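Please look over the model below before reading the points that follow it.

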Amino acid sequence: MSGKVTVRLNVNGDAHEIEAEPRLLLVHALRDSLGLTGTHVGCDTSNCGACTVHLDGQPVKSCTVLAVQADGAEVTTIEGMGSEDNLHPLQEAFWNNHGLQCGYCTPGMIMAAAGLLQENPSPSEDEVRHALEGNLCRCTGYHNIIKAVLDAAGKQSGVAA
Amino acid sequence: MSATSELHVGQELRRKEDPRLITGQARYIDDITLPGVLWAAFVRSPEAHAKIVSIDTSAAAERPGVHAVFTGEDMSDLGGPLPMAWVPPGVEVNNPDHWPLARGAVKHVGDPVAVVIGEDRYAVVDVAEDVLVEYDPLPAIVDPEAAVAGAPFVHEQFGTNKVHEWSLAGGDVEAGFAQADVVVERRVVNHRIAGAPIEARGVLAEYRAGSLTLWSSTQVPHFVRLFMALLLGLSEDHVRVIAPEVGGGFGSKLQVYGEELFACWASRKLGRPIKWIETRSENMSVTHQGRDQIAQVKMGAKRDGTITAFHVKILADFGAYNMILTPLIPSLGAFVMGGCYKIPNVQTDIVGVFTNKCPTDAIRGAGRPEATHMIEVTLDQLAAELGMDSLEIRRKNFIPKEDFPAAVATGVVYDSGNYAGTLDKLMEHVDVAEFRSEQEQLRSKGVYRGIGFSTYTEICGLAPSRVTGPAGVGVQAGLWESAMVRVHNTGAVTVYSGTSPHGQGLDTAFAQIVADKLGVDPSIVEVVHGDTSTGPEGRGTYGSRSLATGGEAVAKATDKVVAKATAIVAAELEAAAEDIEMRDGKFSVRGSPDKGMALADVAGIAYIGAVPEGMEPGLEETTFYDPENFVFPFGAHACIVDVDPDTGKVKVIRYVAVDDCGRPINPMLIEGQVHGGVAYGIGQALYERVHYDEEGQLVTGTFVDYALPTAAELPSFETDRTVTPSPVNSLGAKGVGEAGTIAASAAVTNAVIDALRPLGVEYINMPLSPMRVWKAISEANGQSSKGGEQA
C-alpha cells in the first residue's frame, strides 16, 4: 500500500501520534495501534453501532471514519467514560438495569446514549428508542437498554426515573 | 446437614460479569494477539455450485508480507473431514466429506477455496484478490422442494439430494383423523434466519513446543478440543481451547468450524500464531444458519374442540453440508410436536435435503420454534373453523396439571407443568373482552388491530445421555455437565464449570447457588469456564442447558464440599454431623448458633491437614451430573399488533409473556432472557429472512440487507411468571434461554391474522413483511386466502 502518514489523536485526554496507512479505519487505530479494545466491530457497514465513539464530542461510527479524518481531533472511547471504581452514570445504569448480556454492543450503546443525553437530557422512551436505532443488540431485545438510558437520564437531571 | 438458609438464590443480584463489560475491559477474540501473529484471509467461492478447474496462487504468494497461500490440496494430511456428530441408529444419512478448504468443487456461495497468510490484516484481504480461481459452474439447486424431487444434485455421488428420513410417531394418526369431525391442513413455511450475534466469529491458534492453544469465539470449547485433536492427530492433553469473552452465539457458535481447524493446522505448519476474524459478510454466508423448514401440517378435532390427531411432514433444508448436529435439529421439534396439549396421536415425518446454500444447524430454539409455530397457528385455524374462541380451544386441550409427570404420545415425559396456570396469569394482564370491543371500535376507524396467543412447552436442559447417546437418538456424546468447586485457604471459592456461557449471566447465577450453600458472599465466588485446561471435561452452553444441567452440577459439587466441611466441623465441635447446619454464614450445631465456624475456618483446617482421621486434606470436589430427564419450560404469550391495510406494515403494540421456568435463581436474568428471546422471535416473524436468489446468490449478505429489529421497531415487553419447580434437579430449575423465541413467532403471526380475518385473510407465512401482508390482503379481497404459497 501507499506510504504511511502521521495521525495525531487525542484519546480520552491522552495525546498520541501514530504512523498509519491513509486507509486505516479509526476503529483499528484505536484498537490495534492504541490498544483500546473496548470499541468493537460488528458489521463493517455502519449498521450495528458497536464501534461508536465520540469524535470532538459527537457520536460517530468509528468503522466508517478514517484515522486520518480524525487527525487532531478529540476522541472519547468507552475506556474514557469511567472505570470500575468511578463509573459513568450510564455505565452504572446499564449495570443496575441489566442492560447488557454478552456485552459486545454495550460500549457502542453507552457512547450513543451519551450522545443523546448531551443533546436531550430528558428524553422520552420513544426518543431513546429512535436515538439508538443505529445500534443493534441481539441479546436484550433493547428493553433493559432503554430502561437503563431512561434511568441514567433521570438521575443526571435529578428526577427519579 | 439441614436445609441451607437462602440469602441469594431468588434475588435479583447485579451481574458479576458486568464491570468488565461496561468499562471496555473484557477480552473478546479480536482483543487478543500474540507476538509474531500472522493474519489469514479466506478466498471464497462466488459460485453457488461449481467445479474448481484451477487455482493459481503464484501472484498472491509473491506479494510482500505474504507467508503462504494454501488450498485444499495442501491439507491432505488431515485426519478426516469436519464432523457430523449425529448418526441416528438404523437411519441412513448421506454425509458428504466437508473439508476446511474445498477439494475439487464448491457447493455454496462462501465455500472457502484458499487462504492467504500474511503479516498485515488489511494486506491479506488485498492479496486474496490475487488468488486466481477458475470455476466451471454447475447448475445450482436452491428450492428444497425442487431439490427433493430430483436433479441437479448437490452431491452427485448420492444420486439424490435427500439427506435422510426420520419419523417419530405415537398413537395412530390415521385412527385419530378417522375420529375427527374437522380436519385442517396447511403448508407452514418456517424460513431461514441467521444467528447474527453482534460479534462475528474469530480464531487465534498457536502451535508451540508441541502443544496447541486455540482461542475461538465458541459456545463449545471442549467439543472443539476433541475434534482438533482427532483431526490433527494430536493427543488431547496437548490441545487447549479457550473461549474468551464471547459476543453472543444463539447456536451459531455451537459448531466445529473449518476456520478453527485451518488456523490450528496452519500454525503447526508455519510455526507462527494464526489469527482470523470473520467479517460480517462472511458471517452471513458461511456461519451456519437456522430453521428453513417447509411443513405440511394436518390437525383433526372433534366438534367440541378435542384434538384427535396431529400429523406433520417436514422438509428440512440442510444447505450444502451436514454440520455437527444438522440432521438432528428438526427431530428436537418432533419430541414436543404435541405441544402442551393432550393429543393421543402425533406423528412427525422428517426429510432432510441438500441445497446449494449455507448449511443449517442449531439456532436459538433449534426445531422447537418451528414445532410451536406449526401447532399454534394450526390451532388458531382449527378454532376459527369450529367457531371456538382461540383460548377456549387451548384450555380444552391442555394437559391438566394433575397429569404431571406426563408421558406424552411422542414418548417423552414432561417433568412438570401448569398450563392453565400460566394462561390464567396472562389473563391478569390482558383483558380480552375489553380488547375485542376496542378492536371493533378501531376497525370502524380503519385501524386493524389484532391479538394473538401462543401457549407452548418445550424440551431443554440438554440432556440425559441415555436419550442423546448412541442408544437414544444418536448424538455421539453424553450431554451431562461437570463442575468443580474449590474452596481456597482463605475461604474464597472458585467454581469451574464445563458450560461456556456467553451473555447468559451464569457467573452470577452459579455464584448465588454456591454462596448460599457455603455461607459466603457471592462476591468471593469466582466462576471459571470456557477453558479446557481449567476444570474438568465439559459440554458447553446451548439448548437452555447451562442452569438446569450445568447449575445442578455446580449445586451437587457444592453439596459434596458442604458434606466434607460438615464432617470437619462436627469433629472440631465434637458434635454429630447430622446436627450441623449452615446458619448466618456459619456451620454451627443446631440450637447453638453462637458456636460455629465460617467456611474460611473450615478451609484453614482442611488445608493445614488437621482433618479427622481417614479424611483427605483439602476442600475441593468434582461432579459429573447426568440428568434423569429433560426439563420442559412452558408459558403463555400474547401479542397485540396494528396492521396498516394500505401498506401491509405491522407494528407490535404490546407483548406480554408469562413464562414458567421452574424455581428462579435470579429473576432479573430470567426476564432478560425472555426479552431477548421474544425479540428474536419477533425479528423472525416480521423482519428477518436469509434470502438466496434462484442462482443461489446470497441477497442478504450484510446487515444492510438482513433486517435485524432495532429499538425503534420493538415495544417494551411485559413479563410475568408462575413457578412450577422441576422435579428433575435439586434446584427445581428449567432453562429459559430459548423459551421466548419458541413462543413468539406464533403469537405475532396469530395477532396479524386476527387483525386481518375480517378482510378474509386466514394465514400468511413469515416474515410478515409489508409486501407479503399487503399481497395477502389484496389476494383475499374479501375472499378467503390460504396465503401459504408465498414461500
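Predicted model: local features only at pLDDT ≥ 70, side-chain atom pairs only at ≥ 80, totals over all residues.

1. Residues are numbered from 1 along each chain as its sequence is written, while chains are lettered from A and ligands numbered from 1 in the order in which they are written.

2. At the interface, 47 residues of chain A are in contact with 45 residues of chain B (contact: C-beta atoms, placed from the backbone, within 7 Å). On the chain A side, α2 (89-96), α3 (106-119), α4 (125-131) and α5 (143-156) each supply at least two residues (helices are DSSP runs of H or I, at least four residues, numbered from the N terminus). That side divides into 20 nonpolar, 20 polar and 7 charged residues (nonpolar: Ala, Val, Leu, Ile, Met, Phe, Trp, Tyr, Cys and Pro; charged: Asp, Glu, Lys and Arg; polar: the others, Gly among them).

3. In chain B, the axes of α10 (residues 368-386) and α11 (residues 390-397) come within 9 Å and cross at roughly 110° (axes are lines fitted to C-alpha atoms over the stretch in contact, and angles run from 0 to 180 degrees between N-to-C directions). α10(B) and α11(B) are therefore roughly perpendicular (65 to 115 degrees). Residues making the contact include Leu379(B) of α10(B) and Ile393(B) of α11(B).

4. Tyr419(B), in helix α12 (residues 419-429) of chain B, is buried, with 27 other C-beta atoms within 10 Å (buried: 20 or more). Among its contacts beyond four places in sequence are Cys340(B) and Phe634(B).

Terms used: Buried ≥ 20, exposed ≤ 12 C-beta atoms within 10 Å, placed from the backbone. Contact = placed C-beta atoms within 7 Å. Parallel < 35°, antiparallel > 145°, perpendicular 65-115°, else oblique.
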